Amino acid sequence: MRFWTSMVYAPVEHYLPVAEVLDELGYEGVLLADHLFSVRDTASRYPYSEDGTPPWPGAVPFPDVWVTAAALAARTRRLRFGSSVYIAPARDVFGLAKQVGTLAALAPDRVALGVGVGWMREEFDLTGQAFGTRGRRLDEMIDVMRALWAGDWTEYHGRHYDFAGVRMLPAPSAPVPLWCGGYSERALHRAAALCDGWIGVFSDADRGRGIIAALRKQLEELDRDPAGFRIVASVPALGSVEAVEEWAQLGVTDVIVQPWAVSARGDSTERHVGSGAALDLSTMISAVESFAARLAPAFRAA
């Protein structure tokens with residue numbers, strides 16, 4: 001099993017030293033969350049809570065994903081970096097392709113791009129990107145970025161992007177894995193049809209099984225080999241090697257963990273997500289080390 005550590009809500013000043021420890025212990029990589037800003041009085045409804053309110057206060061920092069990943073890559077040897085998830089359609093496709101392609105060229109085979117359509121209209125309004133077409137534009141963005149990352153003269157003629165005679169360098173030496181987030185039928189289809197994997201959270205085992213089954217059905221209908229498709233997920237009750245093996249048998253290829261926010265049983269703690277500032281560095285590093293030691297056979301198997 002591959003183990004990715006989510007840094008969301010962690011103190012930004014601890015990212016670098018924690019990443020160095022993760023690198024040494026055999027964790028697969030670091031996942032970085034994305035929002036451009038918080039909005040004090042947003043009219044947008046957060047889709048994953050009952051009252052539509054985001055589960056974090058406005059003071060939570062969301063450092064730029066690619067600036068942060070570049071800094072961490074320079075301080076580590078093998079650790080990989082990905083976004084969980086990047087709100088791609090709130091950005092210009094050429095700027096995003098340039099950022100990710102440059103990092104992938106400087107840190108070969110260490111970059112993955114997890115994308116999603118986003119939910120906060122203000123992020124789109126203030127960046128000048130259309131909110132209503134974000135899903136359809138994301139579909140085209142995936143093709144556009146892959147064409148630009150090839151490093152050759154390229155063209156693209158779609159509904160939302162139309163260009164010819166463009167070449168972007170430096171180019172990655174290997175394809176950048178693209179994972180799609182989201183739980184709707186459209187999002188699952190986008191992942192199966194256009195991407196190299198799906199990324200998200202399984203709030204419980206039944207939900208996880210349902211999403212995996214839906215993805216496999218989509219892959220089968222599209223005549224895609226599920227063996228090459230990554231399922232990158234935060235899963236419940238990851239307290240033993242046996243639990244890791246069970247999720248692997250279900251089809252999970254990569255697990256997202258946050259060792260400083262789980263109990264000895266592998267359950268999420270009740271610590272408020274906004275209390276990241278209270279986390280000291282020694283606590284985080286101790287948790288990272290303890291988690292790796294407890295699941296050492298699963299780490300070695302990776």
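Student: Which residues line the largest cavity?

Tutor: Let's begin with the general idea. Rolling a probe the size of a water molecule over the atoms shows where empty space is left. Keep in mind that this is a predicted model. Here, the largest cavity is lined by Ala104, Pro108, Asp109, Arg110 and Val111, together with Pro172, Ser173, Ala174, Pro175, Val176 and Pro177. The space in that cavity comes to about 80 Å³, and its lining has eight nonpolar, one polar and two charged residues.

Student: How many cavities of 30 Å³ or more does a search of the whole structure find?

Tutor: The search finds two. The second largest cavity holds about 50 Å³ of space. Its lining includes Met7, Tyr15, Leu31 and Phe62, and by class it has ten nonpolar residues, no polar ones and no charged ones.

Student: What about pockets? Which residues line the second largest pocket?

Tutor: Ser38, Val39, Arg40, Thr42, Thr53, Pro54, Trp56, Pro57, Gly58 and Met120 do. About 160 Å³ of space lies in this pocket. Five of the lining residues are nonpolar, four are polar and one is charged.

Student: Now a single residue, please. Is Asp34 buried or exposed?

Tutor: Asp34 counts as buried because its relative accessibility is 7%, under the 20% cut-off. You will find Asp34 in the loop between strand E2 (29–32) and H2. Its side chain reaches the backbone nitrogen of Ile87 at 2.9 Å and makes a polar contact with the side chain of Arg91 at 2.7 Å. Leaving out residues up to four places away in sequence, Asp34 also touches Phe62, Val65, Val85 and Tyr86, among others.

Student: Where does Thr76 lie, and what does its side chain reach?

Tutor: Thr76 sits in the loop between helix H2 (65–74) and strand E3 (80–83). The side chain of Thr76 reaches the backbone oxygen of Leu72 at 2.8 Å. With 9% relative accessibility, Thr76 is counted as buried too. Beyond its neighbours within four places in sequence, Thr76 is in contact with Ala19, Glu20, Asp23, Phe81 and Arg110.

Student: Last one: how many bridges join strand E8 to E9?

Tutor: In a regular strand the side chains alternate between the two faces of the sheet. In this model, three bridges join E8 (residues 178–181) to E9, and the two run parallel. Strand E9 (residues 197–201) is mostly covered, with four of its five residues buried.

Notes. Residues are numbered from 1 along each chain as its sequence is written. This is a predicted model: local features need pLDDT of at least 70, side-chain atom pairs count only at pLDDT 80 or more; totals for chains, interfaces and linings use all residues. Side-chain values use heavy atoms; hydrogens and water are left out. Buried means under 20% relative accessible area, exposed over 50%, partly exposed in between (1.4 Å probe, protein chains only). A polar contact is a pair of N or O atoms within 3.5 Å; within protein, one must be able to donate a hydrogen and the other to accept it, and residues adjacent in sequence count only if both atoms are side-chain atoms. Contact means heavy atoms within 4.5 Å. On a 1 Å grid over the protein atoms alone, a cavity is a set of points where a 1.4 Å probe fits but cannot get out, and a pocket is an open set with protein on both sides within 12 Å along at least five of seven lines; lining residues have an atom within 4 Å of a point. Grid points are joined across faces, edges and corners, and a volume is the space filled by probe spheres set on the points. Ala, Val, Leu, Ile, Met, Phe, Trp, Tyr, Cys and Pro count as nonpolar, Asp, Glu, Lys and Arg as charged, and the others, Gly among them, as polar. Two strands pair if DSSP finds at least two bridges between them.
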